[in-house]
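Please examine the sequence and the model shown below. The paragraphs that follow lead through a helix, a set of paired strands and the nonpolar cores.

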Amino acid sequence: MPPCSGGPIAAAFAVKRRCEEGWWLGKCMAAWGREVLHVFDRGFAGEPWLEECRQAGIRFVMRWPKDYHLRDGQYRERSAWKIAQGKRSWGKRALWESHRQQWSQGGVVALPVTHPHVGGQFWLVVSRPGKGRLPWYLLTNEPIETEDDAWSIVFAYARRWRIEMAWRFTKSELGFESPRLWAWEPRIKLLMIASLAFAFLLSLLEVSSQGLRQDLLDQWCHRTGKRHLLAQMPLYRLREALSFLWLVIPPSIPPFQNSG
């Protein structure tokens, strides 16, 4: 992470990205151990991060680029797509694609593999979404014995999209991506305030807040039409509804009283 233009304070916080990622990986392992399954996208694929995962002893699923090399069951080093080439799917399932609003038929196959330079046994899980669409190559250290085991890896990776949507919301709606502050400490304070706002919006998604949430959407961010009824974007609409509500009826803030 390059230092911000905030002088010596920002320079003191400057660290290399990979070192910071490794530190957080160790912190997650210390907090949860092997109770969680870590999901990594293609930006983490490769020998360095795979070795980090092995040393940390975590359970993981990693999107593996099709041209990156692995060793198959006969210890031959080949590209991932060549290892899976010609292997029949273990089974097929009807999968619901929320962004396309349609069902599709997908297949899955899993193959035992190793890495040329990282010790340990891995599995290459290949998700085949159908004709004309690119497959997913997922590398994991989870044992794969049945078709259900393979599908569980595919579904675990698919859930990463919810994380991507959360980042998209915080960057576009809460300004995480481009805070207009140069000094490091004011940036931290601003991001903490935005995090509290995000937590408040998430609390409105709880089942106990269903009535309040529906009233906000109906009265202050009403939408009609099939597209808006089917689209799943409650956080965007909730933020807009609260903005309109507070523009018309500003929230009353009690005056600050100094007890000292």
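A residue is called buried when its relative accessible area is under 20%, exposed when over 50%, and partly exposed in between (1.4 Å probe, protein chains only). This is a predicted model, in which local features need pLDDT of at least 70, side-chain atom pairs count only at pLDDT 80 or more, and totals for chains, interfaces and linings use all residues. Residues are numbered from 1 along each chain as its sequence is written, and side-chain values use heavy atoms, without hydrogens and water.

Helices (H or I, at least four residues) and strands (E, at least two) are DSSP runs, numbered from the N terminus. In helix α6, which covers residues 160-172, the buried residues are R160, F169 and T170. Their cover includes β1 (37-40), α5 (147-158), α7 (184-203) and α10 (234-248).

Two strands pair if DSSP finds at least two bridges between them. Strand β6 (residues 102-113) pairs in the antiparallel sense with β5 (residues 91-97) over seven bridges, and β6 also pairs with β7 (residues 122-128) in the antiparallel sense over seven bridges. V108 of β6 is the bridge partner of G91, and V108 stands opposite S127 in β7.

A nonpolar core is a set of buried Ala, Val, Leu, Ile, Met, Phe, Trp, Tyr and Cys residues joined through side-chain atoms within 4.5 Å. The largest one has 23 residues, and F40, L50, F60, M62 and W64 have the most contacts inside it. Elements that give two or more residues to this core include α3 (47-56), β2 (59-63) and β6. A second, separate core of 13 residues includes V61, V125, L138 and I144.

Key. The expected span of a helix is 1.5 Å times one less than its number of residues. Contact means heavy atoms within 4.5 Å.
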